Amino acid sequence: MTVNEAKLMEFVHRFVGDLGATMAAGGVVIGDRLGLYRALATGAALPEELAERTGTAPRYVEEWLRGQAAGGYVEFDPASGRYSLTPEQAFALTDPDGPIFAPGAFQLALGALKAEPRITAAFRTGDGLGWHQHDDDVFTGCERFFRPGYSAHLIAEWLPALDGIEDRLRGGIRVADVGCGHGASTVLMAHAYPNSVFTGSDYHHGSVDQARKRAADAGLDGRVSFEAAGAQGFGGGPYDLVTTFDALHDMGDPLGAARHIRDQLTPSGAWMIVEPAAGATVADNLNPVGRVYYAFSAFLCVPSALSQDGGYSLGAQAGEEPIRRLATDAGFTHFRRVAETPFNIVYEAKP
C-alpha cells in the first residue's frame with residue numbers, strides 16, 4: 001500500500017482538530033456549569049480575575065482559558081494578558097433561553113459518550129439500549145440542545161405554517177405532545193395559547209416528573225398535564241393537534257405510533273412531525289450537520305429504537321420519504337413539508 005504523504009497529513013490535521021474538539025467538549029460543559037462564560041461576558045479578565053468572579057481556582061481557570069482561546073471560544077489579548085468574549089461568543093455560550101446555546105449540545109454529547117462500553121457491546125449483539133438507561137446528562141442536555149430551536153421557531157414559524165391550526169389554538173383546542181421529554185415544547189405552546197389545553201406524554205418516568213415540575217413552576221397547572229406513556233398507548237383523545245418533536249425516529253414501532261396518533265385525532269385534526277434535518281440520500285447528509293446527527297444516532301436513537309418492541313429503527317437521518325411512507329401507511333391522506341431550519345424539518349400529516 002502506497003501512502004500519499006500530502007493526503008496523510010490532510011487526514012492528520014482533521015484528526016487533530018477532532019481530538020481537540022472532543023476534549024474541548026468537557027471544557028465547554030465546565031465553563032457553563034461554573035459560570036465562567038457568563039462571568040467573562042461581563043468584561044475582559046485576567047485568569048485570576050475570572051477566578052475571583054466565579055469562586056474558582058486561578059490555575060485551573062488559566063489553563064481552561066488558554067484552551068478556550070486556542071479553540072476560538074474566547075478571545076485573548078497578548079498585550080494585556082486578558083481574555084474576553086465577543087458578542088457572538090457570548091450569544092451562543094451564555095444564554096440557555098436564547099436561539100442558540102452550545103453548552104447544551106456538548107452536555108448531551110458527553111452524556112451519550114458515557115454509554116460507550118454498552119454501545120460497543122450492542123454493536124456486537126445487535127441489542128438495543130433504552131433511552132432511560134442513559135446518564136442524566138442525556139436527558140438534561142437533550143432539552144438544552146433542542147429547546148433554543150423550539151423557542152426560536154415553534155410559535156413564530158412552525159405552528160403558523162400548519163393549515164388553520166394557529167387560529168384554532170388561539171380559540172381553544174386540545175393538544176397532545178407525544179414524546180415530550182422534559183416538556184419544553186409543551187410549556188412553550190401552553191404559554192403562547194392560553195385558551196388551549198395540553199397533554200404531554202413520554203415513556204420515561206423521570207422526564208415526566210421533570211415536565212410536571214416545569215409546568216408547575218411556570219404556573220400552568222390545570223391547563224397542562226403529563227402522563228408516563230409510550231407513543232403507541234397515550235390516551236385522552238380525541239385531540240385537534242398531536243405533536244412529536246425529534247422523537248419519531250427514536251421509536252421501535254413508529255408505524256404503530258403513527259396509527260395510534262391518527263386514531264387519537266379528530267377528523268379535522270393534524271399531526272405536526274418535527275424531525276432532524278436530513279437529505280434524501282446518505283450522500284446528501286455527508287456534511288457537518290449530518291455528521292452530528294449520525295454520531296448521536298449511533299449512540300442514542302438507533303439503540304433506543306432497537307430496545308423497544310417493533311424492531312424498527314429510522315435513525316436520526318431518515319429524511320422525508322420514510323416519514324411520508326409511515327404517515328401514508330398509518331392512514332393519513334395529506335402529508336407535506338411545512339418548514340425547515342438548519343437542524344430540523346417540520347411536516348404536517350392530516351387524516
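Reader: If buried means under 20% relative accessible area, exposed over 50% and partly exposed in between (1.4 Å probe, protein chains only), is T281 buried, exposed or partly exposed?

Author: This is a predicted model, in which local features need pLDDT of at least 70 and side-chain atom pairs count only at pLDDT 80 or more, while totals for chains, interfaces and linings use all residues. Residues are numbered from 1 along each chain as its sequence is written, and side-chain values use heavy atoms, without hydrogens or water. Because the relative accessible area of T281 is 40%, the residue is partly exposed.

Reader: Where does T281 sit, and how far in space is T281 from P238?

Author: T281 belongs to the loop between β7 and α13 (288-306), where helices (H or I, at least four residues) and strands (E, at least two) are DSSP runs numbered from the N terminus. Along the sequence, T281 and P238 are 43 residues apart. In space, taken from C-alpha to C-alpha, T281 and P238 are separated by 36 Å.

Reader: How many residues of strand β7 are buried?

Author: Strand β7 covers residues 265-276, twelve residues, and is mostly covered. The number of its residues that count as buried is ten.

Reader: Which residue in β7 is the bridge partner of T243?

Author: Strand β6 (residues 239-245) pairs with β7 in the parallel sense, and six bridges join the two strands; strands are said to pair if DSSP finds at least two bridges between them. For T243, the bridge partner in β7 is M272.

Reader: In the open sheet, which strands are the edge strands?

Author: The open sheet is formed by seven strands with mixed pairing, in the order β5-β4-β3-β6-β7-β9-β8. An edge strand here pairs on one side only, and this describes β5 (224-228) and β8 (334-340).

Reader: Which residue in β4 does R174 stand opposite?

Author: Strand β3 (residues 174-178) and strand β4 (residues 197-202) are paired in the parallel sense, with five bridges between them. Opposite R174, the residue found in β4 is V197.
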